[in-house]
Every structure is written in structure tokens, then in C-alpha cells.
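Here is a short report on one protein model. Keep the structure in view as you read.

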Amino acid sequence: MKIIKIAHLYYDIMNLYGESGNILALTEALKKQGARYTVTNVTKGDKIDFSKFDIFYIGCGTYDNQIMVLKDILRYKTEIKKIIKKKIFIATGNSYELFGKKINNMEALDCFNFESKTVRDRIVKEQVYKTYILDKPVIGFQNRVSINNNKENHLFEVIDGNADNNKSKFEGVHINNFYGTYTLGPLLIRNPHLLDKIIKDFFIANKYPYKEIKGTPDYKAYDEYIKNFNIK
């Protein structure tokens, strides 16, 4: 098995709610599989060779930082659009919006067919979703002041919480190996089933041996939390 290379994009300015915990979750999952890995922190102004990495993660930031990152990452618009079908991309919080067509009428990466905009009322709530890629609910938290008009390729269906906008019942986007959601948590720490699904799919696609590992403290914490909801 080759060394699995993770890029933590804008690690210092898109980490508003401790979202670097998702990197910790990814590396712990790889350790359990006996995999070797590296994590490279990348920020504004750095030169990024996207072809050298297997997994990309970007977290949530303030609006000002989001726009700062948008202006920086647009350098790689063509490259990202080419490789996003092949590489694993995980975007949480408002970084998810970078991959749409526009943010408040500003050009974005145009990987997916939606536009985002700032709204007056802040959205703050615990979230519970179901998803077609798992047989377990996904839990998390949102704290945001923006919505988008995505109408396709949704990652989640809302059980309790907030959708992409107040006219929708769906949230996030999932195409190929891209996972985008407003949900914080950190998402991958609170949802070990989702984390293991992402890792398992990656291992199978690369013909690496994968072993199922259950009953760990993160699974037990998930099971305890999910008891708070009357989920059918």
C-alpha cells in the first residue's frame, strides 16, 4: 500500500469551529487500517499540486476568510474541476459553497450547479439527517448565515434540522468522491459510520485490504447521542 497523502486546505483560516478535528478523524481511521499517511497543511499563497494528493479537506471560516480563500483558490479552478471526479474532497461549513457557481454573485469554482447567498437570520441548530449512502442517521451542528439553491445530487435528507434553504428538504452535495455539507461537529468524529464508509470506498477503489472495526468509543458515543432522537 502506498503512502496516502492528505491535503488540509487553508488549515489556518478555515478552522472556525475546530474543524481540524476532521483531519484527526481521517488519520485515526487510516491508522486503524495500518495505512501510512502524510498530512500537508496548505494556506493562502501556497503553491498546490493537486495531483500529488489522495484526499482533500477544507473546513469552515468566517465570511471574510471564505472570500479570501475564494479569491486564492480560483487560481486552481480548471485543475480542481478536472480532478474532483477522481480525488476525495470533503468540505464542511461554508467551504462547501466554494464549489458552487457563485457566492453573493462572486465567481466560485463552478464544480456544481448551485449559487449561495448571505441571509439575515443566522441558522443555529443540531442536525439529524438520513443519507442514501448509509443505513445510519448522520448527526451534526450548523451555525451559518447563508443558504444555497442546490437542487440535485444531495448528500442528506433532513430528519430534524436545516436544509440548504427553507424551501428544500435536502442538504449538501455528493458526487463521485466529493462530500460537501454545511454540517459541523466535527462531522467525521461524530459520525464514525460515515467516516468508515469514505475510507472503505477509497480502499476498495485502490484495491487496498480493508478491515471492519466496530465498537470503538466513537461508535459508542454516536449510539448514545442518537438515543436523544425519536428516529424511525
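The largest pocket is lined by 14 residues, and Glu115, Lys117, Asn148, Asn149 and Asn165 lie nearest its centre. A pocket here is found on a 1 Å grid over the protein atoms alone: it is an open set of points where a 1.4 Å probe fits, with protein on both sides within 12 Å along at least five of seven lines. Lining residues have an atom within 4 Å of a point.

This is a predicted model, in which local features need pLDDT of at least 70 and side-chain atom pairs count only at pLDDT 80 or more, while totals for chains, interfaces and linings use all residues. Residues are numbered from 1 along each chain as its sequence is written, and side-chain values use heavy atoms, with hydrogens and water left out.

**The pocket**

The largest pocket holds about 250 Å³ of space. That volume is the space filled by probe spheres set on the grid points, which are joined across faces, edges and corners. Which strand gives the most to the lining? Strand 7 does, with three residues. Strand 7 (115–130) and strand 8 each supply at least two. Helices (H or I, at least four residues) and strands (E, at least two) are DSSP runs, numbered from the N terminus. By class, the lining has one nonpolar, eight polar and five charged residues. Ala, Val, Leu, Ile, Met, Phe, Trp, Tyr, Cys and Pro count as nonpolar; Asp, Glu, Lys and Arg count as charged; the others, Gly among them, count as polar.

Buried means under 20% relative accessible area, exposed means over 50%, and partly exposed lies in between (1.4 Å probe, protein chains only).

| Residue | Relative accessible area | Class |
|---|---|---|
| Thr92 | 0% | buried |
| Ile199 | 1% | buried |
| Asn176 | 43% | partly exposed |
| Asp64 | 59% | exposed |

Thr92 sits in strand 4 (residues 88–92). Its side chain makes a polar contact of 2.6 Å with that of Tyr57. Such a contact is a pair of N or O atoms within 3.5 Å; within protein, one must be able to donate a hydrogen and the other to accept it, and residues adjacent in sequence count only if both atoms are side-chain atoms. Beyond four places in sequence, Thr92 touches residues including Glu19, Cys60 and Leu187. Contact means heavy atoms within 4.5 Å.

Ile199 belongs to helix 5. Setting aside neighbours within four places in sequence, Ile199 is in contact with Leu26, Ala29, Leu30, Gln33 and Tyr210. Asn176 lies in the loop between strand 11 (173–175) and strand 12 (178–181). Asp64 is part of helix 2. Asp64 and Thr78 are 14 residues apart in sequence and 24 Å apart in space, C-alpha to C-alpha.

**Two helices**

In helix 6 (residues 217–226), Tyr219, Tyr222 and Ile226 are buried. They lie on the same side of helix 6, because they cover an arc of only 60 degrees around the axis. The arc is that of the directions from the helix axis to the C-beta atoms. An α-helix has 3.6 residues a turn, so residues three or four places apart point the same way. The face turned away from the buried side of helix 6 carries the exposed residues Pro217 and Lys220. Strand 8 (138–148), helix 4 (187–190) and helix 5 (192–205) are among what covers the buried residues of helix 6.

Helix 2 (residues 63–73) also has buried residues, including Ile67, Leu70 and Ile73. The buried residues of helix 2 pack against strand 3 (55–58), helix 3 (77–83), strand 5 (102–103) and strand 6 (106–107).
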